[in-house]
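Visitor: I would like to learn how to read pockets and rings in a model. Could you walk me through this one?

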Amino acid sequence: MSALPFADTPYLVARRVSRVVCVGGRQMVVLQPTSLSVKRGEFVAVTGPSGSGKSTLLNLLSGLDRPTSGRVLVNGKDLWAANDSSLAQLRNAEFGFMFQIPHVLRSRSVRDNLSLPIRYARLAAVDAAMKRVDELLDYVGLTSFADRSPATLSGGELQRVAFARALVLDPAIIFADEPTAALDDVNSHLLLSLLADQAASGKVVLMATHDPFARAFAQREVRMHKVTDALA
């Protein structure tokens with residue numbers, strides 16, 4: 001599905017972001033200076049071999065980790081100019097997250113897992129928000145699973161739960177880190193189609209992947225290269 005036309009102004013911008021960590025007394029480069037810009041309605045695949053910095057880049061762009069150098073702009077605002085509390089609120093309200101392994105609470109029902117962002121946001125209109133939970137369960141084909149324990153679900157079903165939860169607060173950006181790595185072809189196709197649908201609706205979708213099948217669903221590819229150098 002091709003994306004509808006949206007504003008040409010990039011919504012997410014990285015300006016030479018890099019990451020250096022200290023390992024065994026040595027400074028190691030885990031992400032070389034990297035720049036990119038993504039507009040609303042774009043589905044971008046970040047590709048490359050293991051160790052090329054795909055996950056690191058997503059972590060820096062989503063505020064989960066701080067870059068050693070460079071800037072990240074979200075809708076024109078410097079992501080790292082915010083304090084920790086404001087940054088956490090931004091992540092909850094504006095960002096949706098998916099990971100290779102779905103992070104769900106096994107002790108809570110599927111519906112309760114989807115409602116977590118609502119509770120964190122302390123929304124006043126809880127009834128309306130919970131209606132959205134039920135709408136999203138229908139969207140991902142899990143209406144009949146609402147009261148089930150995540151322990152009874154398959155890997156593909158769990159990933160759809162995680163995907164629906166990422167959409168609960170209608171985020172502007174979806175960060176997906178190897179979302180299909182543990183899925184079979186049928187579940188991969190379903191999930192990638194849903195991600196493409198979200199990009200077509202106007203969201204930024206940024207996906208790290210090494211899977212050629214997953215890359216084919218994206219509109220654009222950003223190729224990363226393995227980091228081999230270290231700083232003394």
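Guide: Let us start with the second largest pocket, which has a volume of about 150 Å³. The model is predicted, so local features need pLDDT of at least 70, side-chain atom pairs count only at pLDDT 80 or more, and totals for chains, interfaces and linings use all residues. Residues are numbered from 1 along each chain as its sequence is written, and side-chain values use heavy atoms, without hydrogens and water.

Visitor: Which residues line the second largest pocket?

Guide: A pocket is an open set of points on a 1 Å grid over the protein atoms alone, where a 1.4 Å probe fits, with protein on both sides within 12 Å along at least five of seven lines; lining residues have an atom within 4 Å of a point. Here the lining is Y11, V74, N75, K77, D78, L79, L90 and E94. β5 (77-78) and α2 each give two or more of them.

Visitor: What sits over the ring of Y11?

Guide: For a charge to sit over a ring, NZ of Lys or CZ of Arg must be within 6 Å of the ring centre and within 35 degrees of the ring normal. In this model the charged end of R40 does so, 5.1 Å from the centre of the Y11 ring.

Visitor: How is a pair of aromatic rings described?

Guide: By the distance of the centres and the angle of the planes. Rings of Phe, Tyr and Trp (its six-membered ring) pair if their centres lie within 6.5 Å, and planes under 30 degrees apart count as stacked. F97 and F99 are a stacked pair, 6.1 Å centre to centre with 5 degrees between the planes.

Key
Grid points are joined across faces, edges and corners, and a volume is the space filled by probe spheres set on the points. Helices (H or I, at least four residues) and strands (E, at least two) are DSSP runs, numbered from the N terminus. Rings of Phe, Tyr and Trp (its six-membered ring) pair if their centres lie within 6.5 Å; planes under 30 degrees apart count as stacked, over 60 as edge-to-face and the rest as tilted.
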